[in-house]
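Me: Please present the structure, so that the questions may follow.

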Number of protein chains: 2
Amino acid sequence: MSYGDGMGVRVRSEERRAAIVTAALEVIAERGYRGASLAAVAERVGLTQQGLLHYFPTKDALLVAVLEERDRWDALPARPRRLDLLASLVEYNAMRPGIVQTFSALLGESVTEGHPARGYFTERYAQVRAGMADVLRAEYGDRLPNGLTPERTAPLLVAVMDGLQYQWLLDPDAVDMPGAFRDFLTLLGEG
Amino acid sequence: MSYGDGMGVRVRSEERRAAIVTAALEVIAERGYRGASLAAVAERVGLTQQGLLHYFPTKDALLVAVLEERDRWDALPARPRRLDLLASLVEYNAMRPGIVQTFSALLGESVTEGHPARGYFTERYAQVRAGMADVLRAEYGDRLPNGLTPERTAPLLVAVMDGLQYQWLLDPDAVDMPGAFRDFLTLLGEG
């Protein structure tokens with residue numbers, strides 16, 4: 001396979017794909033997915049739009065690659081092992097606002113009609129709720145100290161993580177995201 | 001003032017403005033704010049784009065009107081009087097997915113760079129957190145049964161409401177939004 005720019009080897013191609021995904025993450029963080037254009041992503045990595053289409057034939061294909069990349073970084077939320085690791089993840093997120101911003105903007109857009117990430121998020125949330133319920137069961141058994149089941153608590157745990165992200169992104173000085181999440185974990189542990 | 005279409009009286013003009021705001025709400029719910037065009041809004045109310053610009057000279061002016069209209073409907077979240085009214089608001093929201101979708105999509109977009117609603121949401125969340133803290137203090141005094149202050153609990157309350165909306169919008173059959181919110185209120189009341 002020849003790319004016309006002389007970088008036909010596979011390793012180089014994978015590096016280029018990774019650079020495109022990173023650029024897409026940045027552009028989405030700045031403009032949202034609907035506002036992000038392939039042209040802007042191409043410009044950021046020094047490709048023509050035609051050159052970009054060689055790696056990702058559609059904008060949706062690029063979006064899926066972005067979301068998959070995000071999941072690779074965050075193996076934690078889908079399969080967290082312990083509640084204290086979740087608190088660490090929230091602390092980690094507080095140090096990378098760009099990624100949190102991209103995720104939050106995409107989640108927001110995904111609830112609009114016909115958004116290409118809607119299926120991804122719907123499926124992902126079902127998995128994340130199930131994973132959280134497993135973690136809660138491992139920690140507390142079939143009932144938490146407050147009497148709720150792990151399955152009824154899981155959506156609240158996920159909601160607090162997501163909701164705090166919006167408040168923190170909008171006003172990082174006013175909202176201590178990791179501290180607030182630890183407060184919530186304390187709430188869960190009391191009965 | 002003459003509009004060229006012969007409806008120059010003030011009452012008629014306000015009705016038209018209201019119709020435009022309603023149409024904008026619908027278009028934003030379908031496409032998100034960045035995807036919503038003035039042309040689509042104009043078409044929905046049977047105006048030319050030029051005719052629409054008479055009422056709202058910019059897209060941002062229309063967005064602000066949409067957000068203000070939403071706040072008029074929802075006097076509750078900014079100034080709720082009691083915790084049980086909050087539960088009623090969540091139940092009410094579960095019957096109007098379109099409004100919740102518009103709000104959630106705009107909140108998501110607002111965290112992207114330079115979004116015109118960013119200032120609105122930042123200011124609104126500061127007010128909502130302060131209002132929630134007042135409600136919690138009226139209900140529980142300076143400490144909740146779990147030991148947290150109203151000020152530390154308020155961001156969690158807001159986060160749960162917002163986060164549950166995303167999960168419910170993506171998968172209404174899997175997430176009982178009002179039930180989950182009542183579970184959270186129960187959590188708050190136990191120590």
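Me: Which residue of chain B comes closest to the rotation axis?
Reply: This is a predicted model, in which local features need pLDDT of at least 70, side-chain atom pairs count only at pLDDT 80 or more, and totals for chains, interfaces and linings use all residues; side-chain values use heavy atoms, with hydrogens and water left out. Residues are numbered from 1 along each chain as its sequence is written, while chains are lettered from A and ligands numbered from 1 in the order in which they are written. At a C-alpha distance of 2.0 Å from the rotation axis, the residue of chain B that comes closest is G108(B).

Me: How are the two copies related?
Reply: Copies are superposed by least squares on the C-alpha atoms of residues with pLDDT of at least 70 in both. A rotation of 180 degrees, with 0.0 Å of shift along its axis, places chain B on chain A with an RMSD of 0.0 Å. The two copies are thus related as by a two-fold rotation axis.

Me: What area do chain B and chain A bury between them?
Reply: Contact (heavy atoms within 4.5 Å) joins 46 residues of chain B to 46 residues of chain A. Because 100% of the interface residues of chain B are also interface residues in chain A, the copies meet through the same surface. Buried area is the accessible area (1.4 Å probe) that two parts lose on being put together, summed over both. With 64% of it on carbon and sulfur atoms, the area buried between chain B and chain A is about 4000 Å².

Me: Which residue of chain A forms a salt bridge with D183(B)?
Reply: A salt bridge is a side-chain nitrogen of Lys or Arg within 4 Å of a carboxyl oxygen of Asp or Glu. The count between chain B and chain A is two salt bridges. In the one formed by D183(B), the closest N and O atoms are 2.4 Å apart, and the partner is R152(A).

Me: How far does helix α8 of chain A reach from its first C-alpha to its last?
Reply: Helices are DSSP runs (H or I, at least four residues), numbered from the N terminus. The expected span is 1.5 Å times one less than the number of residues. For the 23 residues of α8(A), 118–140, 33 Å is expected, and the helix comes close to this with a reach of 32 Å.

Me: Is T149(B) buried or exposed?
Reply: T149(B) lies in the loop between α8 and α9 of chain B. Buried means under 20% relative accessible area, exposed over 50%, and partly exposed in between (1.4 Å probe, protein chains only). Since its relative accessible area is 19%, T149(B) is buried.

Terms used: Helices (H or I, at least four residues) and strands (E, at least two) are DSSP runs, numbered from the N terminus.
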